[in-house]
Amino acid sequence: MDMHATLTLSPDAMAREVGGELVILHLGSGTYFGLDEVGTRIWQLLGEGLTPAAVCDRLEGEYDVPRETLERDLVALIDDLRLHDLVGRPAA
Amino acid sequence: MAVGEGQRRSPLAREHHGPAGDGGTSRKPRSWKRTSGRCRRTIRAASTNSPTPARFGYRFAGERLASDLHFASLGRPRGLSSTGFCVVGARIELPDGQHPSHSWSLPRRPNDPYIWLFEDGQGGTIDAPGFGRFAVRERSLLVDWSGATVPAPVAEHFLLNQILPMFLAQHGRLILHAAVVRVAGVCLAFTGETGIGKSTLAAAFAAAGAEVLTDDGVVISTEQTPVSAAATYRNLRLLPDSLAHFAGAGTGLSSGSTVTAKQEVALPRRRRSAGRFWPLAAVYYLQHSTRSAADVVVQDLTPREACMRLLGQSFQLDVTDGRTVARVFAKVARLADAVPCFTLSYPRCFERLPEVTSAVLRHSACWRERTVPEAGLAVAP
């Protein structure tokens with residue numbers, strides 16, 4: 001995955017914060033997803049237009065976690081979001 | 001660091017009472033009474049282009065309904081109102097050359113859809129072979145039972161428990177697939193997948209002295225604090241083994257008509273509570289016990305977890321209709337934020353149900369008291 005390419009949140013993804021965490025409903029498929037507190041933060045930062053690398057930079061300052069772990073988990077999450085069509089391909 | 005969590009269940013996965021559940025019957029429906037006479041509301045059915053008089057007034061999910069159809073399950077008709085929704089008999093043709101935009105299947109036959117939704121540019125047409133056709137037209141629901149092959153009570157049950165909740169959801173109402181019991185002025189909701197035991201648990205609460213409001217559909221009002229709930233209509237149906245256990249056990253429950261595989265139970269009449277909204281103290285999501293010992297286990301759900309489970313139990317007609325979905329989504333989120341939600345698992349045997357109801361009443365006491373202070377400790381488990 002290109003860590004320096006911006007991702008776009010799917011226009012079909014309707015997100016709502018509940019108790020500090022996020023529930024996302026995909027309008028196209030009718031399926032819904034939950035993100036915990038950290039996943040919610042990542043979703044917010046991606047929505048602000050940050051690249052995955054920039055998201056890692058930001059989270060490194062907010063959470064006490066090794067950069068390697070951070071990148072691994074972030075890539076896994078983004079792969080999962082892509083798989084369910086919640087984020088689009090990197091913008092050209 | 002925990003990240004993604006996907007749940008592949010569709011909000012459209014609803015409880016369905018299909019032909020198999022009705023014993024595979026193919027009897028002709030009883031003749032449907034079409035009425036005429038003075039009308040205070042007149043709806044023009046699109047396909048017949050003729051005015052259809054509304055004669056009966058009902059309350060359903062806290063809404064006023066005017067209809068030219070008689071619904072035995074909704075009790076004695078009331079006076080007509082100039083506000084509310086209409087349910088109107090009509091002839092409905094499927095849109096030409098259209099493919100269905102959605103379909104619904106029974107949980108036990110996921111690849112065998114039996115309800116189809118067609119986009120018709122006017123609100124949607126629903127085809128449920130054997131059960132009828134239905135069309136959404138603004139604040140009116142058109143009903144065509146001319147092709148129904150199931151017995152009349154089954155067709156009515158299908159309309160009241162599946163189609164009308166979806167119709168009202170399309171108008172922004174939050175309706176959950178749940179049983180609700182009233183305890184000392186507040187109510188407790190029990191939701192979960194089809195066949196998980198909501199009706200039997202509701203009957204157990206009746207045996208413990210609570211009032212059963214419904215075992216199937218509840219409308220939730222999130223506009224005020226506290227969040228409140230009302231039955232779509234008073235209804236309790238039990239499978240024969242459950243009914244045999246509870247009938248005659250001093251519960252006041254007795255068998256009524258056979259509607260589907262379940263039998264309708266004649267609930268004690270309580271006029272004061274019919275159709276009323278009651279503060280909702282807690283929601284329990286029923287699930288099978290994962291412990292071999294099968295104790296009664298209540299566990300907290302986070303608001304996010306609760307929201308996802310409740311979305312799965314909410315009625316929706318068209319999940320691609322962003323505006324409507326957003327409204328229902330917002331209400332589910334508000335419900336999950338405002339009302340404590342828990343999972344509930346317990347041993348599946350009739351003899352231990354009193355233990356389950358006692359545990360739930362003990363567990364919910366503080367939430368009930370928090371919801372309506374004077375109601376909290378007034379209940380003997």
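1. In which sense do strand β6 and strand β11 of chain B pair, and over how many bridges? Strand β6 (residues 85-89) and strand β11 (residues 140-144) of chain B pair in the parallel sense, over four bridges. Strands here are DSSP runs (E, at least two residues), as helices are (H or I, at least four), numbered from the N terminus; two strands pair if DSSP finds at least two bridges between them. B:Leu142 in β11(B) is the bridge partner of B:Val88.

2. The model is predicted: local features need pLDDT of at least 70, side-chain atom pairs count only at pLDDT 80 or more, and totals for chains, interfaces and linings use all residues. Residues are numbered from 1 along each chain as its sequence is written, chains are lettered from A and ligands numbered from 1 in the order in which they are written, and side-chain values use heavy atoms, with hydrogens and water left out.

3. In chain B, eight strands make up an open sheet with mixed pairing, ordered β4-β5-β6-β11-β10-β9-β8-β7. β4 (56-60) and β7 (102-106) of chain B are at the edges with a single partner strand each, so one side of each has no neighbour in the sheet.

4. Chain A has three helices and three strands. Along the sequence, the pattern of chain A is β-β-β-α-α-α.

5. The C-alpha atoms of chain A fill a box of roughly 35 × 35 × 20 Å along the principal axes. Of its 92 residues, 50% count as buried, meaning under 20% relative accessible area, with exposed over 50% and partly exposed in between (1.4 Å probe, protein chains only).
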